[in-house]
Amino acid sequence: MTDQTVAVAGTQPVGVERVISPRAVLFALSMGGFAIGTTEFAAMALLPNFAADLGVSEARAADAISAYALGVVVGAPVLAVAGARMRKRMLLIWLMLAFAVFNTLSAMAPSFGLFTASRFLSGLPHGAYFGVAALVAASVVPRNKRASAVSKVFVGLTIATTVGVPAASWLSQYIGWRAGFVLVGALSLATAVAVHLKAPRTPADPNADPLKELGALKNRQVLLTLLTGAIGFGGFFAVYTYIASTVKTTLGGSETEVALMLMIAGLGMMIFNLVMGHLADKAMNATAYIAFGGGIIVLTLFPLAVNYGFWAMGLVILFMGVLGGVSTVMQTRLMNVAGDAQQLAASLHHAAFNTANALGPFLAARAVDAGHGFPASGYVGAGLSAAGLVLFAITLWDARRTGIE
């Protein structure tokens, strides 16, 4: 990828053009993904710690995790519409500053009630940030490179599962669980500075209209794409949520082995996110079929692999990352079909994926409660991936029927 030069009106002296480095822009945006991924996944890892310190059961403490997810679902559309007339660069900076403040408040919360409230507030900027960041990433590369650019923004989130979460867990052992949220606050401030320095200073769209953004809610292609992600990607979370329980209960593994398995999952997400982004630039629809089809196969193998021990399970967990390619494809597709509602549609993508984060574990829990054991989450995940594949086929059929594709 080569640097490109763009002239941004009103931000440079007359006759002077500002050089924009796509690599620098994508790195700055991925820093935000790293901060968001760290707080989202570390909160799950730190749950026993803050539950004990705040005097609640672990089951009750899970309400704070749900509060964050609810914040994402609420904040994505509200902030995307509210910020429709803002410069995207400034909107990203404000979102990251808010994320820094709310995560710092989480670290300072003296009671579980205030902690839960601060987690809800922390979730508000999540979806809007990723949605707007994806649009900015796509704007600094040629159209045929948009999917891989979006995947590079998301790679920050996947790296968080292999680096950020272990770092937060390590800090919690020596300083306390609050240090993990302070770390996220610092990362968010660093992101705001990086975006300020590197993001293109593109003027706000003078024709931007919050009512036009709301038009995404009437666009059938947008709704079908969101539904595909919300259900299909639920297969990933159905298994990911119960990795630790499977290692401990079924394999009799240690905390170290749990951490290693989660790092393998993060590595798989990172690798396949980049690979699938590259493939999507060449054949986006085929890439979605590969992601869903691969997910069906790999997740179906999960219960079988567990019977062969830790490393067999680890191999399946690594390749489970193929399903992660769905995120990049769905985000890019939303850009193609959203029309005048780009910002809202892109942000709703992350509300949909947080729905997947709730749906997958919920359905897998029903299988576990029915006595089938934690490995049965693989069958649930495979079923959700299959449903996603069918929904994507319906989405493409509808697009061709209406002449969109």
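The legends below describe close-up views of a predicted model.

View 1. The side chains of Asp398 and Arg220 form a salt bridge, with N and O 3.0 Å apart. This pair connects distant parts of the chain, since Asp398 belongs to helix H17 (residues 377-401) and Arg220 to helix H9 (residues 220-232), 178 residues apart. Asp398 has a relative accessible area of 4% and is therefore buried, whereas Arg220, at 44%, is partly exposed. Arg401 also forms a salt bridge with Asp398, and here the closest N and O atoms are 2.9 Å apart. Arg401 and Asp398 are separated by about one helical turn because they stand three residues apart in H17. Through shared partners, the salt bridges join Arg220, Asp398 and Arg401 into one network. The whole structure holds four salt bridges.

View 2. Arg366 and Asp369 are joined by a salt bridge whose closest N and O atoms lie 3.2 Å apart. Both residues are in H16, three residues apart, or about one turn of the helix. Arg366 is partly exposed, with 40% relative accessibility, and Asp369 is exposed, with 60%.

**View 3. Leu363 in helix H16.** Leu363 lies in H16, which covers residues 342-372. Its relative accessibility is 31%, so Leu363 counts as partly exposed. Beyond its neighbours within four places in sequence, Leu363 contacts Val380 and Leu384. The C-alpha atoms of Leu363 and Gly235 are 9.6 Å apart, while the two residues are separated by 128 residues in sequence.

**View 4. Asn273 and its surroundings.** Asn273 sits in helix H12 (residues 255-282) and is buried, at 3% relative accessibility. The Asn273 side chain makes a polar contact with the side chain of Thr328, at 3.2 Å.

View 5. Leu267 is located in H12 and is partly exposed, with a relative accessible area of 37%.

**View 6. The buried side of helix H2.** Within H2 (residues 47-54), the buried residues include Leu47, Phe50, Ala51 and Leu54. These residues are on the same side of H2 because they cover an arc of only 105° around the axis. After H2 comes Gly55, which has a positive phi, near 75°.

Technical notes
Residues are numbered from 1 along each chain as its sequence is written. This is a predicted model: local features need pLDDT of at least 70, side-chain atom pairs count only at pLDDT 80 or more; totals for chains, interfaces and linings use all residues. Side-chain values use heavy atoms; hydrogens and water are left out. Buried means under 20% relative accessible area, exposed over 50%, partly exposed in between (1.4 Å probe, protein chains only). Helices (H or I, at least four residues) and strands (E, at least two) are DSSP runs, numbered from the N terminus. The arc is that of the directions from the helix axis to the C-beta atoms. Contact means heavy atoms within 4.5 Å. A polar contact is a pair of N or O atoms within 3.5 Å; within protein, one must be able to donate a hydrogen and the other to accept it, and residues adjacent in sequence count only if both atoms are side-chain atoms.
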